[in-house]
Amino acid sequence: MRIYPTFFNIFFKGMDPEKAHHIGFWGVQTLRNVGITRALRKYFQPAPELATTVMGITFPSPFGLAAGFDKGGKGIAALAGIGFGHVEIGTITGQAQPGNPQPRLFRLVEDKAVINRMGFNNDGAAAAGPRVAAARADLETEYRGVVRPIIGVNIGKTKIVELENAIDDYLISTRTLAPQADYLVVNVSSPNTPGLRTLQAIESLRPLLAAVREEADRVCPNRHVPLTVKIAPDLVDEDVIEVAALAKELKLDGIIATNTTIAREGLGLTSDMTKVKEIGAGGLSGAPLKPRSLEVLRLLKREIGDDLAIISVGGVTTAEDVQERLDAGADLVQGYTAFLYEGPLWAAHINRGLVKLRRARR
């Protein structure tokens, strides 16, 4: 019997979603602070057979937490402690910023979906750097002798920075955070920073990714920091193919697909469309994104084969969903929106489910 859905309906369903997020995040951190996740580490830690090596890094599980939940790197160790094989923080920007005005986070409960227009609210790279360094040191100590959870850092453009100065802004985050990160993500696909998605155009994307790669190599001369780019589901197939070709050309380590969608039609939404229209702008994530996310994954796999890693995200809820992505060619899988609906045991349930699925195939 699953308890959390009932808990969600009683306590969180009627609460402001952003307030509920902060309470839920506090709850996960409290589980660690009072020693519960450590005491139950055997339950939460992924089975050794789930360990997988991607981009030259060994992950304890192929399933991790997508960027967006921990925007500032304040709860990395706590989130790692409940079973995620990796925790991708951010999006972090070169400068601190408050994000967009509230309300900016909305649930579509009937569709197990979320619409957000958060706008990269975070404390900036300078504040996040020491947090990531401290979390990495904690994880290296705590998981000595076993495969530790991995830390990804997702970087984006500060809103007030003009597009012509975007590269310099990304480089602020790169030089501050690359030395602390296990892998780095260039986010050019959020719909909530004006003009950001124009950076997905090849003529803009090429110099940006090349500059970030060069800077990461410069500040980490003794370690290769894997670099990935995160793309939107709203790219047409031809643009996805162009990005894949560019990633191969620049010798990136991977592509993350996909971010949230600005689409509302054609997603099979069961929520009241009047309510959806009233919510307005923002990126939609969750179960309705699954078909397009799978399409983009399969397209990328066809184009890049095993040359680059593919990290699939969008509409993932169950262990069966994760295994489906892996079978379709993903090297790693991420989730986020379902975490809000499934609760703190979600990652552990996914990992246990993956083990059962794999053993059933033997």
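Reply: Ala125, Ala126, Ala128, Gly129 and Val132 in α6 meet Ser173, Thr176 and Leu177 in α7. Contact here means heavy atoms within 4.5 Å. Sorted by class, this contact has 5 nonpolar, 3 polar and no charged residues. Ala, Val, Leu, Ile, Met, Phe, Trp, Tyr, Cys and Pro count as nonpolar; Asp, Glu, Lys and Arg count as charged; the others, Gly among them, count as polar.

This is a predicted model: local features need pLDDT of at least 70, side-chain atom pairs count only at pLDDT 80 or more, and totals for chains, interfaces and linings use all residues. Residues are numbered from 1 along each chain as its sequence is written, and side-chain values use heavy atoms, with hydrogens and water left out.

Now the geometry. Two packed helices are described by the angle between their axes and the distance between the axes. Helix α6 covers residues 125-142, and helix α7 covers residues 166-177. Helices are DSSP runs (H or I, at least four residues), numbered from the N terminus. The two pack at an angle of about 20 degrees, with their axes 9 Å apart. Therefore α6 is roughly parallel to α7; that term is for angles under 35 degrees. Axes are lines fitted to C-alpha atoms, for helices over the stretch in contact, and angles run from 0 to 180 degrees between N-to-C directions. The crossing of α6 and α7 is right-handed: the near helix is turned clockwise from the far one by less than a right angle.

Next, look at Val153. Its contacts include Val132 and Leu177. Val153 also touches Ile89, Ile92, Ala181, Tyr183, Leu184 and Val185, not counting residues up to four places away in sequence. Val153 and Tyr170 have the most contacts inside the largest nonpolar core, which has 82 residues. Such a core is a set of buried Ala, Val, Leu, Ile, Met, Phe, Trp, Tyr and Cys residues joined through side-chain atoms within 4.5 Å. Buried means under 20% relative accessible area (1.4 Å probe, protein chains only). Helix α8, residues 202-219, gives the largest share of this core, 7 residues. A second, separate core has 13 residues, including Met55 and Ile256.

Helix α8 has a partner too. α8 and helix α9 (residues 237-249) pack at an angle of about 25 degrees, with their axes 11 Å apart. So α8 is roughly parallel to α9. Among the residues in contact are Arg206 of α8 and Glu242 of α9. By class, this contact has 5 nonpolar, no polar and 3 charged residues.

Terms used. Parallel < 35°, antiparallel > 145°, perpendicular 65-115°, else oblique. Buried < 20%, exposed > 50% of the residue type's maximum accessible area, 1.4 Å probe, protein only.
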